Amino acid sequence: MVARPTNPHQFYYREADYLIAGILETRMRALELACGTGGSTAIHYRHVSDLVSTDFSMKMVRGAAHRRDWKLVHFLVADASDLPFRDGIFHAVFSRGVLLSYVPDPMRMLREARRVLRRGGKLALDAMNQIQGSSRTRTRLFCMMGERPAYVEHAVQAGLQVRWIHWLDRRSPFVKLARKEEKPESRPRNLAKHVTSVERFEGRLFRPQQLIRLVEQAGFREVNVVPLGHLAYTLGFADKRLREFARSRGRDLSRLYLQLGSHFRLDTALHLFVSAKRR
Ligand SMILES: C[S@@+](CC[C@H](N)C(=O)[O-])C[C@H]1O[C@@H](n2cnc3c(N)ncnc32)[C@H](O)[C@@H]1O
């Protein structure tokens, strides 16, 4: 799903990975939060000598552990807001995939990360940005989620990104649109007839200054926020050749974009990346 050329994750995940790799060092013992099925673990396990990767979902951790023959990674089921580790044992805590936007209490999660870090230990993770003007838009998309056809709507409501997934009947005529990733202007009027169930998800959106304050208040210093994902806007370019160029040269463009990061406004980035040191 993430690897699909039309998925904006490919840009901000890759950019987050470059930045996470930048804070990791070979001699470190690191903790990964919310490892999912190990996509991010596979990128970063080589960068440290000892890695503990965690997720609160047993299913995810199982998927990650079976992904390949890991030699240097320990997998564990653990809630990022209530970690089972002793104080001050990690040199770095990192996460990719906007965990901070999903936990019920971001301050509690950050304090847990601080507790398990040594003094001067490094924190690196991403979060969803409250993009300026985003509260006025609602986006709609037919897509395949895994193998399942879906119609997805996103909207911003009171600082939250709300996502409704309408699972489509596999025999519905909309399945064709899901395969083509159509973006309708409005919700199709007869949609309800073809939907088997609806799920609602919420993610917290952070304004850059709010994120900086939160991390400082949790007991970190040298807090730095970097914009992620501006390149994803190229996926919407009308010029097909430019779109294809952006996709095919994604790696180089992501690096270039990070070099230019300080030129972009933080409030237009899709995601924010925060790094800091434990006080
Ligand atoms: C978008 S996925 C990211 C997975 C992976 N890091 C990646 O980049 O491919 C978010 C993950 O956060 C996990 N998660 C959500 N809340 C969590 C919590 N409180 N503690 C630990 N993991 C959590 C979910 O189970 C899910 O695997």
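Student: How many residues of domain 1 are in contact with residues of domain 2, and how many of domain 2 take part?

Tutor: Before the answer, a word on the model: it is predicted, local features need pLDDT of at least 70, side-chain atom pairs count only at pLDDT 80 or more, and totals for chains, interfaces and linings use all residues. Residues are numbered from 1 along each chain as its sequence is written.

Five residues of domain 1 are in contact with four residues of domain 2, where contact asks that the C-beta atoms of two residues, placed from the backbone, lie within 7 Å. On the side of domain 1 that touches domain 2, three residues are nonpolar, two are polar and none is charged; here Ala, Val, Leu, Ile, Met, Phe, Trp, Tyr, Cys and Pro count as nonpolar, Asp, Glu, Lys and Arg as charged, and the others, Gly among them, as polar.

The domains themselves are domain 1 (9-130 + 207-278) and domain 2 (134-203), with bounds that come from an automatic or database domain assignment. Their centres, taken over C-alpha atoms, are separated by 27 Å.

Strands (E, at least two residues) and helices (H or I, at least four) are DSSP runs numbered from the N terminus, and two strands pair if DSSP finds at least two bridges between them. Within this pairing, arginine 138 has alanine 155 in S7 as its bridge partner, and the hairpin of S6 and S7 leaves two residues between the strands, with glycine 146 taking a positive phi near 65°.

S7 is in turn joined by eight bridges to strand S8 (residues 160-168), again running antiparallel, and histidine 154 has arginine 163 in S8 as its bridge partner. S7 and S8 also form a hairpin with two residues between them, and alanine 158 in that turn has a positive phi of about 50°.

For a parallel pairing, look at strand S2 (residues 50-55) and strand S3 (residues 73-77), which are linked over five bridges, with leucine 51 standing opposite valine 73 in S3.

As for the whole, the protein chain has nine helices and eleven strands, and its C-alpha trace spans about 55 × 40 × 35 Å along its principal axes.
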